[in-house]
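Dear colleague,

Please find below the structure that I am handing over to you. My notes on what was found in it follow directly after.

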Amino acid sequence: MDKTRKIDSKLITETVKKLFIEANINLGQDVICSLQDALAREESPLGRQVLEKIIDNAEIARREKMPICQDTGLAVLFIEIGQDVHIIGGDLRAAIEEGVRQAYQDGFLRKSVCDPLTRKNTQDNTPAIIHIDIVPGDRLKIIAMPKGGGSENMSAAQMLTPAAGSEGIKNFVVEKVKQAGANPCPPIIVGVGIGGSLEEACVLAKKALLRPVGEANNNDEHLAQMEKELLNSINKLGIGPGGLGGRISALAVHIEMLPCHIASLPVAVNIQCHVARHKEEII
Amino acid sequence: MNKKEKVMRRLEIPLKTDIISSLQAGDMVLISGEVYTARDVAHRRLYEALLKGEKLPIDLKAAVIFYAAPAPTPPGKIIGSIGPTTSYRMDFFTPKLIENGLKGMIGKGGRSAEIVAALKKYGAVYFGAIGGIAALTACCVKKVELVAYEDLGPEAIRKLTVIDFPAVVINDAHGNDLYLSAQNKWRIQSI
(Lines give C-alpha, C1' and ligand atoms only; values in the text may rest on other atoms or scores of the structure.)
Protein backbone atom coordinates (compact mmCIF):
# COMPACT_ATOMS: atom_id res chain seq x y z
CA MET A 1 0.00 0.00 0.00
CA ASP A 2 1.24 3.47 -0.86
CA LYS A 3 1.66 5.34 2.41
CA THR A 4 2.89 8.60 0.91
CA ARG A 5 1.29 11.81 2.08
CA LYS A 6 1.31 14.78 -0.25
CA ILE A 7 2.35 18.20 1.07
CA ASP A 8 2.04 21.23 -1.15
CA SER A 9 5.20 23.31 -1.34
CA LYS A 10 3.05 26.45 -1.01
CA LEU A 11 2.08 25.34 2.50
CA ILE A 12 5.78 25.03 3.32
CA THR A 13 6.42 28.58 2.06
CA GLU A 14 3.50 29.97 4.08
CA THR A 15 4.61 28.13 7.22
CA VAL A 16 8.23 29.27 6.95
CA LYS A 17 7.07 32.86 6.44
CA LYS A 18 4.75 32.74 9.44
CA LEU A 19 7.34 31.13 11.73
CA PHE A 20 10.10 33.66 10.99
CA ILE A 21 7.81 36.65 11.52
CA GLU A 22 6.47 35.17 14.75
CA ALA A 23 9.91 34.18 16.05
CA ASN A 24 11.22 37.71 15.53
CA ILE A 25 8.32 39.41 17.28
CA ASN A 26 7.16 37.01 19.93
CA LEU A 27 9.82 35.88 22.42
CA GLY A 28 9.19 32.36 23.74
CA GLN A 29 7.60 31.97 27.17
CA ASP A 30 10.49 29.75 28.27
CA VAL A 31 12.93 32.63 27.67
CA ILE A 32 10.71 35.14 29.46
CA CYS A 33 10.33 32.82 32.49
CA SER A 34 14.08 32.30 32.58
CA LEU A 35 14.68 36.08 32.42
CA GLN A 36 12.18 36.65 35.25
CA ASP A 37 13.93 34.01 37.31
CA ALA A 38 17.25 35.73 36.56
CA LEU A 39 15.77 39.06 37.68
CA ALA A 40 14.82 37.52 41.01
CA ARG A 41 18.35 36.16 41.50
CA GLU A 42 20.50 39.00 40.13
CA GLU A 43 22.24 40.93 42.91
CA SER A 44 23.64 43.78 40.82
CA PRO A 45 21.24 46.78 40.70
CA LEU A 46 22.47 47.67 37.20
CA GLY A 47 22.09 44.04 36.14
CA ARG A 48 18.51 44.03 37.38
CA GLN A 49 17.78 47.22 35.42
CA VAL A 50 19.09 45.56 32.26
CA LEU A 51 16.93 42.46 32.84
CA GLU A 52 13.86 44.62 33.46
CA LYS A 53 14.44 46.42 30.15
CA ILE A 54 14.89 43.14 28.31
CA ILE A 55 11.57 41.88 29.70
CA ASP A 56 9.81 45.21 28.92
CA ASN A 57 11.21 45.15 25.40
CA ALA A 58 9.78 41.67 24.75
CA GLU A 59 6.36 42.99 25.78
CA ILE A 60 6.63 46.08 23.55
CA ALA A 61 7.78 43.97 20.59
CA ARG A 62 4.82 41.65 21.00
CA ARG A 63 2.32 44.50 21.39
CA GLU A 64 3.69 46.72 18.61
CA LYS A 65 4.56 43.79 16.32
CA MET A 66 8.12 45.09 16.09
CA PRO A 67 11.19 42.85 15.99
CA ILE A 68 12.58 42.18 19.48
CA CYS A 69 16.06 42.95 18.09
CA GLN A 70 17.01 44.85 14.95
CA ASP A 71 19.27 41.93 14.06
CA THR A 72 16.55 39.63 12.78
CA GLY A 73 19.23 37.15 11.96
CA LEU A 74 20.41 34.68 9.45
CA ALA A 75 17.46 32.41 8.69
CA VAL A 76 18.50 29.03 10.12
CA LEU A 77 16.09 26.13 9.63
CA PHE A 78 15.96 22.58 10.88
CA ILE A 79 13.66 20.48 8.74
CA GLU A 80 12.61 16.96 9.68
CA ILE A 81 10.96 15.32 6.73
CA GLY A 82 9.10 12.05 7.12
CA GLN A 83 10.21 9.47 4.59
CA ASP A 84 6.57 8.98 3.54
CA VAL A 85 6.14 12.64 2.60
CA HIS A 86 5.84 13.56 -1.04
CA ILE A 87 6.27 17.27 -1.72
CA ILE A 88 4.24 18.51 -4.66
CA GLY A 89 4.02 21.81 -6.48
CA GLY A 90 7.72 22.69 -6.34
CA ASP A 91 11.17 22.17 -4.93
CA LEU A 92 11.54 21.95 -1.11
CA ARG A 93 14.53 24.26 -0.80
CA ALA A 94 13.03 26.80 -3.18
CA ALA A 95 9.79 26.74 -1.15
CA ILE A 96 11.75 27.40 2.07
CA GLU A 97 13.80 30.22 0.51
CA GLU A 98 10.60 31.83 -0.76
CA GLY A 99 9.12 31.67 2.75
CA VAL A 100 12.21 33.39 4.15
CA ARG A 101 12.09 36.03 1.40
CA GLN A 102 8.43 36.81 2.10
CA ALA A 103 8.91 36.85 5.88
CA TYR A 104 11.76 39.36 5.74
CA GLN A 105 10.04 41.52 3.12
CA ASP A 106 6.46 41.53 4.38
CA GLY A 107 7.38 41.30 8.07
CA PHE A 108 9.66 44.38 7.99
CA LEU A 109 12.58 42.28 9.15
CA ARG A 110 16.14 43.37 8.47
CA LYS A 111 17.94 41.79 5.56
CA SER A 112 21.31 40.87 7.04
CA VAL A 113 22.83 38.51 4.46
CA CYS A 114 25.70 39.57 2.23
CA ASP A 115 28.47 38.31 -0.04
CA PRO A 116 31.38 37.46 2.29
CA LEU A 117 33.97 39.24 0.18
CA THR A 118 32.22 42.13 -1.58
CA ARG A 119 29.85 42.57 1.43
CA LYS A 120 27.03 43.28 -1.03
CA ASN A 121 23.65 42.62 0.57
CA THR A 122 21.53 39.92 -1.12
CA GLN A 123 18.52 42.16 -0.36
CA ASP A 124 16.11 39.41 0.72
CA ASN A 125 17.91 37.64 3.59
CA THR A 126 18.49 34.53 1.49
CA PRO A 127 20.12 32.11 1.20
CA ALA A 128 18.85 30.49 4.37
CA ILE A 129 20.89 27.92 6.32
CA ILE A 130 18.86 24.74 5.89
CA HIS A 131 19.53 21.51 7.80
CA ILE A 132 17.42 18.59 6.56
CA ASP A 133 16.94 15.27 8.35
CA ILE A 134 14.96 12.34 6.98
CA VAL A 135 12.89 10.70 9.74
CA PRO A 136 10.22 8.00 9.88
CA GLY A 137 6.59 9.02 9.32
CA ASP A 138 4.53 11.19 7.02
CA ARG A 139 4.88 14.60 8.67
CA LEU A 140 7.11 17.57 8.00
CA LYS A 141 8.55 19.51 10.96
CA ILE A 142 9.86 23.00 10.38
CA ILE A 143 11.95 24.79 13.01
CA ALA A 144 12.72 28.43 12.22
CA MET A 145 15.61 29.99 14.12
CA PRO A 146 16.63 33.56 13.30
CA LYS A 147 20.23 33.72 14.54
CA GLY A 148 21.90 37.04 15.30
CA GLY A 149 25.44 37.79 14.13
CA GLY A 150 26.83 39.25 17.36
CA SER A 151 26.43 36.05 19.36
CA GLU A 152 27.32 33.80 16.42
CA ASN A 153 30.63 35.69 16.12
CA MET A 154 31.55 34.66 19.67
CA SER A 155 31.07 30.95 18.90
CA ALA A 156 33.92 28.51 18.26
CA ALA A 157 34.89 24.90 17.65
CA GLN A 158 38.04 23.05 18.65
CA MET A 159 39.39 19.55 18.08
CA LEU A 160 40.64 18.64 21.56
CA THR A 161 42.76 15.61 22.30
CA PRO A 162 41.07 12.67 24.02
CA ALA A 163 43.45 13.33 26.93
CA ALA A 164 41.79 16.70 27.51
CA GLY A 165 38.60 14.92 28.64
CA SER A 166 35.71 16.57 30.48
CA GLU A 167 37.98 19.10 32.14
CA GLY A 168 39.36 20.19 28.77
CA ILE A 169 35.85 20.65 27.43
CA LYS A 170 34.75 22.67 30.44
CA ASN A 171 37.83 24.89 30.28
CA PHE A 172 37.27 25.53 26.57
CA VAL A 173 33.61 26.47 27.05
CA VAL A 174 34.23 28.79 30.02
CA GLU A 175 37.18 30.43 28.24
CA LYS A 176 35.04 31.18 25.16
CA VAL A 177 32.32 32.74 27.29
CA LYS A 178 34.90 34.76 29.21
CA GLN A 179 36.50 36.05 26.01
CA ALA A 180 33.05 36.94 24.62
CA GLY A 181 32.35 39.15 27.63
CA ALA A 182 29.76 41.82 26.86
CA ASN A 183 29.85 41.23 23.09
CA PRO A 184 27.13 38.59 22.58
CA CYS A 185 24.40 40.38 24.61
CA PRO A 186 24.41 38.50 27.91
CA PRO A 187 22.72 36.84 29.67
CA ILE A 188 23.47 34.23 27.06
CA ILE A 189 22.48 30.66 26.43
CA VAL A 190 25.42 28.38 25.72
CA GLY A 191 24.92 25.53 23.26
CA VAL A 192 27.66 22.91 23.43
CA GLY A 193 28.20 20.09 20.96
CA ILE A 194 30.56 17.29 21.98
CA GLY A 195 31.75 14.54 19.66
CA GLY A 196 30.83 13.59 16.13
CA SER A 197 33.11 15.31 13.62
CA LEU A 198 34.06 18.97 13.29
CA GLU A 199 30.85 19.92 11.50
CA GLU A 200 28.64 17.57 13.50
CA ALA A 201 29.83 19.13 16.77
CA CYS A 202 28.80 22.55 15.42
CA VAL A 203 25.36 21.33 14.37
CA LEU A 204 24.89 19.66 17.77
CA ALA A 205 25.81 22.91 19.52
CA LYS A 206 23.21 24.78 17.49
CA LYS A 207 20.55 22.11 18.02
CA ALA A 208 21.22 22.30 21.78
CA LEU A 209 19.94 25.90 21.62
CA LEU A 210 16.52 24.67 20.51
CA ARG A 211 15.79 23.04 23.86
CA PRO A 212 13.48 25.03 26.19
CA VAL A 213 15.80 27.35 28.14
CA GLY A 214 17.22 25.65 31.22
CA GLU A 215 15.78 22.20 30.52
CA ALA A 216 18.46 19.64 31.40
CA ASN A 217 19.68 16.99 28.97
CA ASN A 218 17.12 14.22 29.48
CA ASN A 219 19.10 11.44 27.89
CA ASP A 220 22.31 11.58 29.88
CA GLU A 221 22.63 12.25 33.59
CA HIS A 222 26.35 12.89 33.27
CA LEU A 223 25.75 15.62 30.66
CA ALA A 224 22.98 17.14 32.79
CA GLN A 225 25.51 17.37 35.62
CA MET A 226 28.12 18.92 33.32
CA GLU A 227 25.54 21.51 32.21
CA LYS A 228 25.00 22.49 35.86
CA GLU A 229 28.71 22.72 36.59
CA LEU A 230 29.38 24.82 33.51
CA LEU A 231 26.51 27.21 34.27
CA ASN A 232 27.85 27.60 37.78
CA SER A 233 31.40 28.36 36.53
CA ILE A 234 30.13 30.79 33.87
CA ASN A 235 28.03 32.67 36.40
CA LYS A 236 31.13 33.20 38.54
CA LEU A 237 32.74 35.20 35.72
CA GLY A 238 30.97 38.40 36.75
CA ILE A 239 30.02 39.45 33.19
CA GLY A 240 26.38 39.99 34.17
CA PRO A 241 23.38 41.25 32.16
CA GLY A 242 24.52 43.52 29.34
CA GLY A 243 28.11 42.81 30.41
CA LEU A 244 27.76 45.52 33.05
CA GLY A 245 28.66 43.20 35.90
CA GLY A 246 26.56 40.78 37.90
CA ARG A 247 25.71 37.23 38.82
CA ILE A 248 23.72 36.19 35.76
CA SER A 249 26.01 35.92 32.75
CA ALA A 250 24.21 32.91 31.27
CA LEU A 251 20.65 31.66 31.61
CA ALA A 252 21.50 28.08 30.69
CA VAL A 253 24.05 25.67 29.25
CA HIS A 254 22.68 22.96 26.97
CA ILE A 255 24.93 20.09 25.87
CA GLU A 256 24.33 17.52 23.14
CA MET A 257 26.73 14.66 22.43
CA LEU A 258 27.51 11.95 19.86
CA PRO A 259 30.27 9.35 19.63
CA CYS A 260 33.46 10.45 17.88
CA HIS A 261 36.67 9.05 16.36
CA ILE A 262 39.13 7.35 18.75
CA ALA A 263 41.70 10.05 17.88
CA SER A 264 39.41 13.03 18.48
CA LEU A 265 37.42 15.03 20.97
CA PRO A 266 35.53 17.65 18.94
CA VAL A 267 33.81 20.40 20.92
CA ALA A 268 31.77 23.32 19.65
CA VAL A 269 30.31 26.26 21.53
CA ASN A 270 27.41 28.11 19.93
CA ILE A 271 26.55 31.24 21.84
CA GLN A 272 22.99 32.55 21.80
CA CYS A 273 22.09 36.06 22.97
CA HIS A 274 19.20 36.61 25.38
CA VAL A 275 16.90 37.07 22.37
CA ALA A 276 16.71 33.29 21.92
CA ARG A 277 14.28 32.94 19.04
CA HIS A 278 12.88 29.78 17.51
CA LYS A 279 9.40 28.66 16.48
CA GLU A 280 8.29 25.37 15.05
CA GLU A 281 5.35 23.74 13.37
CA ILE A 282 4.52 20.26 12.21
CA ILE A 283 2.65 19.95 8.92
CA MET B 1 16.82 55.56 48.17
CA ASN B 2 19.96 53.56 47.81
CA LYS B 3 22.86 56.02 47.82
CA LYS B 4 24.68 53.90 45.29
CA GLU B 5 21.83 54.23 42.77
CA LYS B 6 23.14 56.35 39.92
CA VAL B 7 21.29 59.41 38.72
CA MET B 8 20.81 59.69 34.98
CA ARG B 9 22.72 62.58 33.52
CA ARG B 10 21.36 64.40 30.44
CA LEU B 11 23.78 65.01 27.57
CA GLU B 12 23.28 67.18 24.50
CA ILE B 13 25.04 66.57 21.18
CA PRO B 14 27.41 68.13 20.14
CA LEU B 15 29.33 67.08 23.23
CA LYS B 16 31.40 69.94 24.61
CA THR B 17 35.03 69.37 25.64
CA ASP B 18 34.43 70.09 29.33
CA ILE B 19 31.42 67.75 29.38
CA ILE B 20 33.44 64.92 27.80
CA SER B 21 36.21 65.44 30.28
CA SER B 22 33.72 65.32 33.18
CA LEU B 23 32.25 61.97 32.12
CA GLN B 24 33.37 58.93 34.12
CA ALA B 25 33.10 55.25 33.21
CA GLY B 26 29.90 54.02 34.86
CA ASP B 27 27.95 57.28 34.45
CA MET B 28 24.37 56.65 33.30
CA VAL B 29 23.37 59.14 30.63
CA LEU B 30 20.41 60.16 28.49
CA ILE B 31 21.65 61.40 25.12
CA SER B 32 19.72 63.90 22.99
CA GLY B 33 20.58 65.34 19.60
CA GLU B 34 21.76 64.07 16.24
CA VAL B 35 23.72 60.83 15.87
CA TYR B 36 24.86 59.05 12.72
CA THR B 37 24.37 55.32 12.23
CA ALA B 38 27.39 53.59 10.72
CA ARG B 39 28.74 50.08 11.00
CA ASP B 40 31.06 47.69 9.19
CA VAL B 41 31.06 48.68 5.51
CA ALA B 42 30.26 52.34 6.15
CA HIS B 43 33.33 52.47 8.41
CA ARG B 44 35.54 51.02 5.72
CA ARG B 45 34.26 53.63 3.27
CA LEU B 46 34.76 56.54 5.67
CA TYR B 47 38.24 55.28 6.52
CA GLU B 48 39.27 54.87 2.88
CA ALA B 49 37.88 58.31 2.01
CA LEU B 50 39.98 59.82 4.83
CA LEU B 51 43.11 58.03 3.59
CA LYS B 52 42.52 59.39 0.09
CA GLY B 53 41.82 62.87 1.44
CA GLU B 54 38.30 62.85 -0.01
CA LYS B 55 35.42 64.83 1.43
CA LEU B 56 33.27 62.72 3.75
CA PRO B 57 29.49 62.52 3.33
CA ILE B 58 29.14 63.45 7.02
CA ASP B 59 30.87 66.05 9.15
CA LEU B 60 32.89 64.16 11.78
CA LYS B 61 33.63 67.28 13.80
CA ALA B 62 32.16 66.70 17.27
CA ALA B 63 30.01 63.92 15.79
CA VAL B 64 28.58 60.90 17.57
CA ILE B 65 28.32 57.60 15.70
CA PHE B 66 25.82 54.93 16.70
CA TYR B 67 26.93 51.44 15.61
CA ALA B 68 23.57 50.33 14.33
CA ALA B 69 21.49 49.28 11.35
CA PRO B 70 17.74 49.44 11.89
CA ALA B 71 15.08 46.99 10.82
CA PRO B 72 12.85 48.43 8.03
CA THR B 73 10.34 51.05 9.14
CA PRO B 74 6.83 49.59 9.38
CA PRO B 75 3.86 51.78 8.30
CA GLY B 76 2.99 54.42 10.88
CA LYS B 77 6.35 54.24 12.68
CA ILE B 78 9.31 56.65 12.65
CA ILE B 79 11.83 53.80 12.52
CA GLY B 80 11.96 50.03 12.83
CA SER B 81 13.61 48.28 15.74
CA ILE B 82 17.11 49.58 16.34
CA GLY B 83 19.89 48.88 18.81
CA PRO B 84 23.66 48.70 19.08
CA THR B 85 25.79 46.19 17.20
CA THR B 86 29.08 44.86 18.61
CA SER B 87 31.71 47.60 18.55
CA TYR B 88 35.05 45.76 18.31
CA ARG B 89 34.53 45.24 14.57
CA MET B 90 34.91 48.99 14.10
CA ASP B 91 38.12 49.17 16.16
CA PHE B 92 40.42 49.04 13.14
CA PHE B 93 38.83 52.12 11.53
CA THR B 94 37.95 54.12 14.63
CA PRO B 95 41.25 55.80 15.64
CA LYS B 96 41.36 57.52 12.24
CA LEU B 97 37.80 58.78 12.73
CA ILE B 98 38.63 60.04 16.23
CA GLU B 99 41.70 61.85 14.85
CA ASN B 100 39.32 63.59 12.47
CA GLY B 101 36.93 64.91 15.07
CA LEU B 102 34.65 62.06 16.15
CA LYS B 103 33.78 62.67 19.81
CA GLY B 104 31.40 59.88 20.74
CA MET B 105 30.44 56.34 19.85
CA ILE B 106 27.47 54.28 20.98
CA GLY B 107 27.71 50.50 20.72
CA LYS B 108 28.03 47.37 22.82
CA GLY B 109 30.98 45.25 23.91
CA GLY B 110 34.59 45.98 24.71
CA ARG B 111 37.10 48.03 22.72
CA SER B 112 40.77 47.55 21.98
CA ALA B 113 43.66 49.23 23.79
CA GLU B 114 44.14 51.44 20.69
CA ILE B 115 40.62 52.84 21.10
CA VAL B 116 41.08 53.47 24.81
CA ALA B 117 44.32 55.34 24.01
CA ALA B 118 42.69 57.38 21.22
CA LEU B 119 39.81 58.39 23.51
CA LYS B 120 42.34 59.65 26.03
CA LYS B 121 44.53 61.44 23.49
CA TYR B 122 41.76 63.25 21.64
CA GLY B 123 39.18 63.59 24.41
CA ALA B 124 36.35 61.36 23.23
CA VAL B 125 34.03 58.84 24.86
CA TYR B 126 32.55 55.40 24.18
CA PHE B 127 29.01 54.78 25.39
CA GLY B 128 27.41 51.37 25.78
CA ALA B 129 23.75 50.75 25.04
CA ILE B 130 21.92 47.54 25.88
CA GLY B 131 21.76 45.10 23.00
CA GLY B 132 18.61 43.20 22.12
CA ILE B 133 16.07 45.74 23.35
CA ALA B 134 15.53 47.28 19.95
CA ALA B 135 11.76 47.81 20.08
CA LEU B 136 12.30 49.87 23.25
CA THR B 137 15.30 51.76 21.86
CA ALA B 138 13.34 52.71 18.73
CA CYS B 139 11.06 54.80 20.96
CA CYS B 140 13.95 57.28 21.54
CA VAL B 141 14.28 58.03 17.82
CA LYS B 142 12.22 61.03 16.75
CA LYS B 143 13.49 61.60 13.20
CA VAL B 144 15.42 59.65 10.57
CA GLU B 145 17.21 60.95 7.50
CA LEU B 146 19.20 58.84 5.03
CA VAL B 147 22.46 60.71 4.42
CA ALA B 148 24.93 58.41 2.63
CA TYR B 149 25.74 55.01 1.12
CA GLU B 150 22.12 54.16 0.30
CA ASP B 151 23.32 51.08 -1.59
CA LEU B 152 24.25 49.49 1.74
CA GLY B 153 20.59 49.10 2.68
CA PRO B 154 20.35 48.67 6.45
CA GLU B 155 24.05 49.57 6.74
CA ALA B 156 23.60 52.99 5.10
CA ILE B 157 24.50 56.09 7.12
CA ARG B 158 21.40 57.66 8.63
CA LYS B 159 21.09 60.77 10.74
CA LEU B 160 18.88 60.07 13.73
CA THR B 161 17.44 62.67 16.03
CA VAL B 162 17.23 61.00 19.42
CA ILE B 163 15.75 62.19 22.68
CA ASP B 164 16.81 60.75 26.04
CA PHE B 165 18.61 57.78 24.53
CA PRO B 166 19.76 55.71 27.54
CA ALA B 167 23.43 54.71 27.62
CA VAL B 168 26.26 54.21 30.05
CA VAL B 169 29.83 55.47 29.78
CA ILE B 170 32.00 52.41 29.14
CA ASN B 171 35.32 54.07 28.21
CA ASP B 172 35.82 57.64 29.36
CA ALA B 173 38.52 60.07 28.22
CA HIS B 174 40.71 59.13 31.18
CA GLY B 175 41.46 55.50 30.34
CA ASN B 176 38.80 53.85 32.51
CA ASP B 177 36.80 50.82 31.35
CA LEU B 178 33.45 49.99 32.95
CA TYR B 179 33.22 46.44 31.55
CA LEU B 180 36.56 45.53 33.12
CA SER B 181 35.91 47.17 36.47
CA ALA B 182 32.34 45.82 36.75
CA GLN B 183 33.37 42.30 35.83
CA ASN B 184 36.26 42.40 38.27
CA LYS B 185 33.90 43.56 40.98
CA TRP B 186 31.39 40.74 40.40
CA ARG B 187 33.80 37.91 39.54
CA ILE B 188 33.92 35.08 42.06
CA GLN B 189 37.42 33.60 42.18
CA SER B 190 37.43 29.84 42.08
CA ILE B 191 39.45 28.18 44.82
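In this predicted model, the C-alpha centres of domain 1 and domain 2 of chain A lie 26 Å apart. The domain assignment places residues 5-24 and 68-147 of chain A in domain 1, and residues 150-277 in domain 2. Where the two domains of chain A meet, domain 1 contributes 11 residues and domain 2 contributes seven residues. On the side of domain 1 of chain A that touches domain 2, α1 (9-25) and β5 (140-147) each supply at least two residues. The largest share of that side, four residues, comes from β5(A). Sorted by class, that side of domain 1 of chain A holds seven nonpolar, two polar and two charged residues.

The two chains also touch each other: 43 residues of chain A are in contact with 41 residues of chain B. On the chain A side, helix α3 (residues 45-64) gives the most, with nine residues. The residues of chain A on this side comprise 18 nonpolar, 17 polar and eight charged ones.

As for confidence, the model scores ipTM 0.94 and pTM 0.95. Chain B has a mean pLDDT of 95, and 96% of its residues reach 70 or more.

Helix α6 of chain B, residues 178-186, deserves a careful look. Which of its residues are buried? They are L178(B), Y179(B), A182(B), Q183(B) and W186(B). These residues lie on the same side of α6(B), because they cover an arc of only 115° around the axis. As a general point, an α-helix has 3.6 residues a turn, so residues three or four places apart point the same way. On the other side of α6(B), N184(B) and K185(B) are exposed. The cover over the buried residues of α6(B) includes strand β7 (157-171) of chain B.

Strand β7 of chain B also contains I157(B). I157(B) counts as buried because it has 23 C-beta neighbours inside 10 Å, the cut-off being 20 or more. By contrast, R111(B) is 46 residues from I157(B) in sequence and 22 Å from it in space, C-alpha to C-alpha.

Finally, I draw your attention to some details of the backbone. In chain A, the loop between α4 (92-106) and β4 (129-135) holds P127(A), and the peptide bond from T126(A) to P127(A) is cis, with omega near 0°. R119(A) is not a glycine, yet it has a positive phi of about 65°. N125(A), also a residue other than glycine, has a positive phi near 65°. Are these residues buried or exposed? R119(A) counts as exposed because it has 12 C-beta neighbours inside 10 Å, whereas N125(A) is buried, with 24 other C-beta atoms within 10 Å.

Chain B has a cis peptide bond as well, joining I13(B) and P14(B) with omega about 5°. P14(B) is found in the loop between β1 (9-12) and α1 (17-22) of chain B.

Yours sincerely,
A colleague

Definitions and conventions:
Residues numbered from 1 in each chain as written. Chains lettered and ligands numbered in written order. Predicted model: local features only at pLDDT ≥ 70, side-chain atom pairs only at ≥ 80, totals over all residues. Arc of directions from axis to C-beta. pLDDT = per-residue confidence, 0-100. Nonpolar A, V, L, I, M, F, W, Y, C, P; charged D, E, K, R; others polar. Domains from an automatic or database assignment.
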